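This briefing is intended for reading alongside the sequence and the three-dimensional view. Please keep both at hand.

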Number of protein chains: 2
Amino acid sequence: MRYLSQIFQPVITIPRDAIIKNTEITCKSQKLLLECGLVRPTSAGFFTILPLARRVLNKLETLVHHCMEEIGAQRMSLPSLTAAKLWEKTGRLQDIGVELLKVEDRHGKKYVLSPTHEEAMADLLADIGPLSYKQLPLLLYQISNKFRDEPRPKHGLLRSREFSMLDAYGAHTTHACASETYDRVTNTYRKLFDTLQLPIHRVAAPSGAMGGTLSHEWQLTADTGEDILDMCLKCDRVVRAETVNDVCDKCASEMKRVNSIEVGHTFVLGERYSAALGAHYTARETTPTPIYMSCYGIGITRLLAASVEALGNDKALRWPDAIAPYRLLIIGPKEGSKEWSIGGWEEVQRLGQELEQVGLAGDVLLDDKHTHTIGRRMKAADRMGYPIIVVCGRSTTENPPKYELYTSKAVGYTAPILLTRTELITEVARIARNGNIDIQLASKRLYVLGFHGFSPTISYRTGFRGFYYQCRNKSGMSNYVVEAPAGPGPGGARISPVNIENASYSVLKRYNDIVKSKEDKREYRILETVVDPVHELAGSTGEIP
Amino acid sequence: MRYLSQIFQPVITIPRDAIIKNTEITCKSQKLLLECGLVRPTSAGFFTILPLARRVLNKLETLVHHCMEEIGAQRMSLPSLTAAKLWEKTGRLQDIGVELLKVEDRHGKKYVLSPTHEEAMADLLADIGPLSYKQLPLLLYQISNKFRDEPRPKHGLLRSREFSMLDAYGAHTTHACASETYDRVTNTYRKLFDTLQLPIHRVAAPSGAMGGTLSHEWQLTADTGEDILDMCLKCDRVVRAETVNDVCDKCASEMKRVNSIEVGHTFVLGERYSAALGAHYTARETTPTPIYMSCYGIGITRLLAASVEALGNDKALRWPDAIAPYRLLIIGPKEGSKEWSIGGWEEVQRLGQELEQVGLAGDVLLDDKHTHTIGRRMKAADRMGYPIIVVCGRSTTENPPKYELYTSKAVGYTAPILLTRTELITEVARIARNGNIDIQLASKRLYVLGFHGFSPTISYRTGFRGFYYQCRNKSGMSNYVVEAPAGPGPGGARISPVNIENASYSVLKRYNDIVKSKEDKREYRILETVVDPVHELAGSTGEIP
Ligand SMILES: [Zn+2]
Ligand SMILES: [Zn+2]
């Protein structure tokens, strides 16, 4: 458990059209991450990752490691500096040399500060080889800082000159063997992005630059993205908008043009690098043959910024639950208030410790800025976008004491629910637990009621004993859909089953019930919040009954 | 659970006096890590960390993160590239410029590939500042790759040009405030090195180069080290052997000259960097004052290699239990053997899964090289130094089946203990559990019997109901001491109590009992193995009774 006042978080306000350290502020994530004290530019295209953003990266890296290890990939580390002569041999020193940062050592030997490691990996395999076909396939990966001398670094962490990346390299005998690995990595990418609840699409890409035979980009749809895609409104087809794609070539439905950010790529490289650098394998009775390579990347720092682009609003950060800097913030009483004077602060610290025990170990932050009003601190917390906020205000003086529970929405937070201490702990435990499960839902069918605003009145009227989903569409609006038992039932007749794989909304939260609260002015109650995978829900024909 | 055949581990044999990629093989860790397929040079002073070594680094990094977070340090990340002009301002571009790798971007701007980040940190504090005195002290840290253009990189990972380091930076108001942080970090260093069971000493150092006021080196005693220390044979005094130190200046006892490897440093820097770069804080009613800085480093990749220097023998790796690549290896039956033919391999896989459940999750490796004899695989396993080895050989055909349990010694392994499946799981669970506790022993007194070879005969004769310690002295030999209840008792009269803080042996393992095994040729049995802190046990005057 940490105290907010101890967090190194230099919050600032950037004047409109300001230029910070020779860098123009051009996008939401850049502005918010800087203003909220999460990231700080050192010079054009270089950034210091401050503690709260570092926590996000830690969580992202842990998820990536887990996903890669699960498919049998083995972590290793290649040096950042690669001999320039390797880049000469593959022809890339000439091809993309202007984007490479170069280093010359005291003996005049030239190195490249690697933006990627195909050369280094092929050289390693060559150095060890020829490998036996029995040693293949092989999948090696690292997470490390990469370097690219962008002519005009911009958009903060979305296009920086030093950035953290996952890069994985497959070594295979044949294209068929490479394809199998490619599919394995594709699946683990989907799983990772599902866990992050982000609308990330696999898009066929030309693989020319890398010299391969098969390639996809992984694109996160966000209004501020620089890439442009055409998405089918009915099926899962997404293509690069290089030509006019009015109609889906898969299902003939209408397509919609959207902006996106590339957060990953996957390539089957073939023999380009292995042949140039002599990385061979031998099969029974054959002469050494170039290894058939594949490679895979995910921009870790870029994904952090891209998730802010996708989920944040104009004034506040929002996070995938799985990578929020802290999952729960407790705002303690104001110094000198009635609740403070009855020893509320000591009680809040005990509460924090208990909440850490119910599934939020290391993820509870205590706002101890006692001299500020609760309102002011709530405003700052909204800006940071903690998924759960517990406020210990005036109602903690009641008998029994009551705590206010808030959960984040795309803009602002839910109306507070007043809970006793025991109720609060049970509730937070459920939210914490569900935040880590239900990935299986990706394969479930959803029954979509409709994309209505989630007004308490409407919700209360529905009266279902089913599941309610808070969703987000491509323009960032929150909408709600309901999953109810199939077949007849209250309103059941009006429900259209939709395969979630063929849809266009991403589910952010699930409510397993909505009831009228006993508290005045609090019309509904969230009983369960789960992290769902990226479900794309097709436009519904149903209505709220 | 992983299978050995799937691990990417290019094992080679280096001919005597070989030169690998322009690098001479000059030390034990360099040779062993290369031959065992853990590390691979790419060019002089640069190394690829292969999967097994990467696992060691993962564990080391996790321990370091844990230790730093525990004292309230906040993780962050500074860019590898620091503007050269910052190094100009502190004068270090001139002072140590020749050791710096430099980069010029496409616009001609100059950067340093940082070997350390005092400049970057002071610049960050200046950029944010002036800080309020209320924000101090502050302790920020990172683990990242650093760069140094060594004139003649040598000794493998002990002196490479790109290396992983922990670097932490304290920001304070006064020297007194810095001293408090310094003590906190010193304590967490001790705790870390205790966990690693490595004989690491804090040695006063001149702080000239860094411009500070207080400085220590953290030195691991190892015969192959390049630094030279004088150690008191009685008390904890260790000094750099810059002059002749025949006699301890603390207790007047004789001193002994030993070799060592610097694995960490700690500095109180004062105002040198903050004054040069304008990093200020303000107290009530004062004008901005330079922040009083401190800094702390641990060479992560160097520590990996140094631990091999300290614990490994001429032909085989040995690891601190806490960072072994895998803690337990199971050697399955040979293909075609009787034990194989009765379905032994399936049984071994089930056993492996069960052993993962008793405290070794992710740390069990299965040797599935079925075509090799058990003897050959045992030899390879010895070379890798897995702390625990379970052999499923001929005796698994008995009724009930018996498994052979081995634990690593400085040279070779203990004689095997034959255990039933249930006994084995209980035993491994105990070893796994104890591997993580008993750090508290550092403050206990030990009763030293003597530094005799641990022959079963002697052990059995002792007959104590006390604790037996496997120890290691500076020349790498394993020795054994016994802790027994104070006062008279069997042999008690001959025991000399020794304060473990004033001693010269490090305890590696503890046996809570030694009994004659029922098995022929197996004279003793290890009932408990614990990771102990670095105890330095003074030369004993006692004898085995
Ligand atoms: Zn379509
Ligand atoms: Zn002394």
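The points below cover the relation of the copies, a sheet and a helix with its packing.

This is a predicted model, in which local features need pLDDT of at least 70, side-chain atom pairs count only at pLDDT 80 or more, and totals for chains, interfaces and linings use all residues. Residues are numbered from 1 along each chain as its sequence is written, chains are lettered from A and ligands numbered from 1 in the order in which they are written, and side-chain values use heavy atoms, without hydrogens and water.

**Relation of the two chains**

**A sheet in chain B**

- Six strands form an open sheet of mixed pairing in the order S1-S22-S21-S23-S24-S25 (strands are DSSP runs of E with at least two residues, and helices are runs of H or I with at least four, numbered from the N terminus); two strands pair if DSSP finds at least two bridges between them.
- Its edge strands, each pairing on one side only, are S1 (2-3) and S25 (417-420) of chain B.
- Strand S24 (residues 402-407) of chain B runs antiparallel to S25(B), and four bridges join them; B:Lys402 has B:Thr420 as its bridge partner in S25(B).

**Helix H1 in chain B**

- Seven of the eight residues of helix H1 (residues 28-35) of chain B are buried (under 20% relative accessible area with a 1.4 Å probe, protein chains only; exposed is over 50%, and partly exposed lies in between).
- Among the buried residues of H1(B) are B:Leu32, B:Leu33 and B:Leu34.
- B:Gly37, with a positive phi near 75°, follows H1(B).

**Helix H1 against helix H8 in chain A**

- H1 (residues 28-35) and H8 (residues 300-311) of chain A pack at an angle of about 105°, with their axes 8 Å apart (axes are lines fitted to C-alpha atoms over the stretch in contact; angles run from 0 to 180 degrees between N-to-C directions).
- H1(A) and H8(A) are therefore roughly perpendicular (65 to 115 degrees; under 35 is roughly parallel, over 145 roughly antiparallel and the rest oblique).
- A:Lys28, A:Ser29, A:Gln30, A:Leu32 and A:Leu33 of H1(A) meet A:Leu304, A:Ala305, A:Val308 and A:Glu309 of H8(A), contact meaning heavy atoms within 4.5 Å.
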